[in-house]
Amino acid sequence: MTKKTFKKIITTVVVSMCAVLCCAFTPVDEVAATVRGTEVNSSATSMALVDGDTGKLIYSKNCDVKREPASTTKICTAITVIENHTLLDIPVPIPDKAVGVEGSSLYLQKGEMMTVRDLLYGLMLQSGNDCATALAIIVGGSVDGFVKLMNETAQKAGATNTNFVNPHGLHHEDHYTTARDLCAISYYAMQNDLFREIVSAKRHSTPYHNHDYNRNFPNKNKILFNYDGGNGIKTGYTRHSGRCLVSSATRDGKTYICTVLNCYDMFEECMRLMDMAFAR
């Protein structure tokens, strides 16, 4: 074998090995980047921002840390109701156990008649804990039966670090999720037309049982009013969770979903993070 031939063989082997190594490692790095997103500074204790068209994680901070989600729980409540109940416009009596539930409320009355559709608006716009309880009993037969459905929905959505024990998000030490999981559940829910319609509504009005005026539900989510393209999704707060928000916006056909947990300036922070995403 001549020296020239030997050199040629060595060169070929080296080039081939480099090609193999590139094939072996580049996809892994790309997958890792997709899993963790780009870590960014945030005033939130944990946050995640995903592409609303693909579900891919774009930005993150402590996104897999388990935290109480407060009323952002109701995102899973709403999509679980929508997927498991078809008679949305038939008035049903409010269950006794839904009357007087603590926290944010529509002040539902015993024996009051409401449709499931109107209860969904009360759930997502006014964050009614009584609406959450009523829907759970109407759809699941009991709160426990409905919570089982909620956790099944979360698993379908790809939420792997989530456990719900109630439909409203009031404090419970075994009730938790993560910023990543809330984005996954929200991404899943936003594929549903009715869910998108409800969470993007700035207000809702419906006849008020035994009253001569309508019951009106203004939406508490400032993203809809103060952010260009804002179209959802849900606010939340308890003393244990801090201020929480899952926001969504669409501009020029592009959508992003952002979750911030325990974030004092939750609206401003979500808007800042979504601005970063839209400017990419």
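# Contacts, rings and helix packing

Student: Which residues is C263 in contact with, leaving aside its neighbours within four places in sequence?

Tutor: With those neighbours left out, C263 is in contact with S43, A44, R243 and E269. Contact means heavy atoms within 4.5 Å. This is a predicted model, in which local features need pLDDT of at least 70 and side-chain atom pairs count only at pLDDT 80 or more, while totals for chains, interfaces and linings use all residues. Residues are numbered from 1 along each chain as its sequence is written, and side-chain values use heavy atoms, with hydrogens and water left out.

Student: Where is C263 found?

Tutor: In the loop between β10 and α9. Helices (H or I, at least four residues) and strands (E, at least two) are DSSP runs, numbered from the N terminus.

Student: Is C263 buried or exposed?

Tutor: C263 is buried, with a relative accessible area of 0%. The cut-offs are under 20% for buried, over 50% for exposed and partly exposed in between, with a 1.4 Å probe and protein chains only.

Student: How many residues apart along the chain are C263 and M47?

Tutor: They are 216 residues apart, yet their C-alpha atoms are separated by 9.0 Å.

Student: R243 was on that contact list. Where does the charged end of R243 sit?

Tutor: Over the ring of Y264, 5.7 Å from the ring centre. To count, NZ of Lys or CZ of Arg must be within 6 Å of the ring centre and within 35 degrees of the ring normal.

Student: On to rings, then. How many aromatic pairs does the structure hold?

Tutor: Two. In one of them, the rings of Y208 and Y213 have their centres 5.7 Å apart and their planes at 85°, so the pair is edge-to-face. Rings of Phe, Tyr and Trp (its six-membered ring) pair if their centres lie within 6.5 Å; planes under 30 degrees apart count as stacked, over 60 as edge-to-face and the rest as tilted. Y208 is buried at 15% relative accessible area, while Y213 is partly exposed at 46%.

Student: What about Y256 and F278?

Tutor: Their ring centres are 5.0 Å apart and the planes stand at 85°, so that pair is edge-to-face too. Y256 lies in strand β10 and F278 in helix α9, so the pair ties together parts that are 22 residues apart in sequence. Y256 is buried, with a relative accessible area of 4%.

Student: Which residues does S247 touch?

Tutor: Not counting residues up to four places away in sequence, S247 touches I223, G232, I233, Y256, I257, C258, C270 and M274. S247 lies in strand β9, residues 242-251, and is buried at 0% relative accessibility.

Student: G232 and I233 are both there. What is the peptide bond from G232 to I233, cis or trans?

Tutor: That bond is cis, with omega near 10°. I233 lies in strand β8, residues 230-238.

Student: Backbone again: what is phi of N262?

Tutor: Near 50°, a positive value in a residue other than glycine. N262 is in the loop between β10 (254-261) and α9 (266-278), and counts as partly exposed at 29% relative accessibility. N210 has a positive phi of about 65° and is not a glycine either. N210 sits in the loop between β6 (203-207) and β7 (214-218), where it is exposed, with a relative accessible area of 69%.

Student: Now helices. At what angle do α4 and α5 pack?

Tutor: Helix α4 (residues 129-140) and helix α5 (residues 143-156) pack at about 85°, with their axes 7 Å apart. That makes α4 roughly perpendicular to α5. Axes are lines fitted to C-alpha atoms, for helices over the stretch in contact, and angles run from 0 to 180 degrees between N-to-C directions. Under 35 degrees counts as roughly parallel, over 145 as roughly antiparallel, 65 to 115 as roughly perpendicular and the rest as oblique.

Student: Which residues in α4 and α5 meet?

Tutor: T133, L135, A136, I137, V139 and G140 in α4 meet V143, G145, F146 and L149 in α5. By class, this contact has seven nonpolar, three polar and no charged residues. Ala, Val, Leu, Ile, Met, Phe, Trp, Tyr, Cys and Pro count as nonpolar, Asp, Glu, Lys and Arg as charged, and the others, Gly among them, as polar.

Student: What is T77 in contact with, leaving aside neighbours within four places?

Tutor: L123, F146, M150 and P167. T77 is in helix α2, residues 74-84, and counts as buried at 0% relative accessibility.
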